[in-house]
Amino acid sequence: MKIMIVTDAWEPQVNGVVRTLKMTTRHLQEMGHSTHILSPLDFKSMPCPTYPEISLALATKGAVARHIDKVAPDCLHIATEGPLGWAARGVALQRGWPFTTAYHSRFPEYVQARVRVPLSWSYALLRKFHNAGRATLAPTPAIVDDLKARGFTQARLWSRGVNLEAFTPDGPRLERTRSPVFLYVGRLAVEKQVHKFLELDLPGEKWVAGAGPEEARLKAQYPQARWFGVLSGDELATVYRSADVMVFPSVTDTFGLVMAESMACGTPVAAYPVPGPIDVVGHDSPGGAIDNDLRAACMAALKKPRDGVRRHSEQFNWPAATRQFERALVPLRAGAAASNAHAEARAALQNK
C-alpha cells in the first residue's frame, strides 16, 4: 500500500512524535509498504509562538490536496492536530475519504499549563478533530480509556516500541564526579515539569539532556546540574546507560518514549503514577518505580537490577507496534466508493 502520513511534527524537531513516525515508516517499508510524509518541510512555514523550534506550515487546504493527489495514496493517516492536520482532515471529509488520526500529546493539558485555557474547551476541539476519523490511535491502554471517557468515540491502541539494537546496556559510559547519577531526558518546557526533578533533594549528580523554551531559566536556577543539550543516536544511548536512574517528572505525556529507551539501556525509571508511566513502567515493576512522592520513586528505582530493567523494556518493540498501526488503516477508495454509493442512493430516492 501507499500510505500518506500528514504531520506537523517532523525534522529538524527532536521529540517522541518524530521518533515514533520515523520508526513506524521504517518498519512499514520493511513490511513492503510505500510511505510518504507530508510535513512543514513541504511548505513555507513560521515559528510557533512561544515554541520557535516548532514550524507551523503556511498551507491552504488546496495546497495540501495537491500534495495528496500527487502521491495518490491508498491510505491516509493524520498524525497531528496542527495546521497540516486540520487541512488534510478537511480534504478527506470533502472527498468522503476515511482516515485515521493519532493522539500523541495531551494537548489540552499542555495548553492549560501554558496559557490557562480551560481543559473542556481544548478537549471539545480535539473531539471534533478526531471523531471524524475511523480510528484515534493512542499509545497506552490508560490513554485509550481516558479518551473514551472524554467522548472520543474511535479511540484504540497503537503502542510504541524502542530500538532494542541501538539502545542497549552494553557500550561506552560517561565519567561522573559523584554517585548516583539521576538523569532527565526530554524537552525543557513548562508542561514537562523539569523543575520537579531539579528541586529534589537527591544524593549524587543530576544530569539533563534536552532543549526547549525553559532552558535558560532552568540553567540559571539550577547551575549545579550537568547540561548536555540535545542528544541523539549513540550519544543518547551513552548518556542513558551512564545514569543510575532516569527521572520522568511529566504528568501530561501519553507514552514517554524516553522511558522505554532508558529501560532498554538498563537504566530504571522514576515517575509519577499517571497515564504513560502507569503502562510503560507499571506498579511493582522491574523497570522502575512510580510514586506520588517523586523522591521516593527515585530512591526505589535505584534498587532495581539493571538486567531486569532491560528485560522489561523488551515488551515494547516496533514490529508489533507497527502491525497495530497497519491494522487500523482504512483504504481511501473504499471510503470514497461507499460515499458515492450513498450519494447515488439518496439522489435516487429524491427523484422518485
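Which helix supplies the largest share of the lining of the second largest pocket? The answer is helix 1, with four residues.

## Basis of the model

This is a predicted model, in which local features need pLDDT of at least 70 and side-chain atom pairs count only at pLDDT 80 or more, while totals for chains, interfaces and linings use all residues. Residues are numbered from 1 along each chain as its sequence is written, and side-chain values use heavy atoms, leaving out hydrogens and water.

## The second largest pocket

The second largest pocket holds about 380 Å³ of space. Its lining comprises 21 residues, and Arg19, Lys22, Ser232, Gly233 and Glu261 are the closest to the centre. A pocket is an open set of points on a 1 Å grid over the protein atoms alone, where a 1.4 Å probe fits, with protein on both sides within 12 Å along at least five of seven lines; lining residues have an atom within 4 Å of a point.

Helix 1 (16–30), helix 9 (233–242) and helix 10 (257–264) each contribute at least two lining residues; helices are DSSP runs (H or I) of at least four residues, numbered from the N terminus.

## Helix 1 and its surroundings

The axes of helix 1 and helix 14 (residues 318–328), lines fitted to C-alpha atoms over the stretch in contact, come within 9 Å and cross at roughly 85 degrees. The two helices are therefore roughly perpendicular, a term for angles of 65 to 115 degrees. In helix 1, Thr20, Met23, Thr24, His27 and Leu28 meet Trp318, Pro319, Thr322 and Phe325 of helix 14, contact meaning heavy atoms within 4.5 Å.

How values were computed:
Grid points are joined across faces, edges and corners, and a volume is the space filled by probe spheres set on the points. Axes are lines fitted to C-alpha atoms, for helices over the stretch in contact, and angles run from 0 to 180 degrees between N-to-C directions. Angles under 35 degrees count as roughly parallel, over 145 as roughly antiparallel, 65 to 115 as roughly perpendicular and the rest as oblique.
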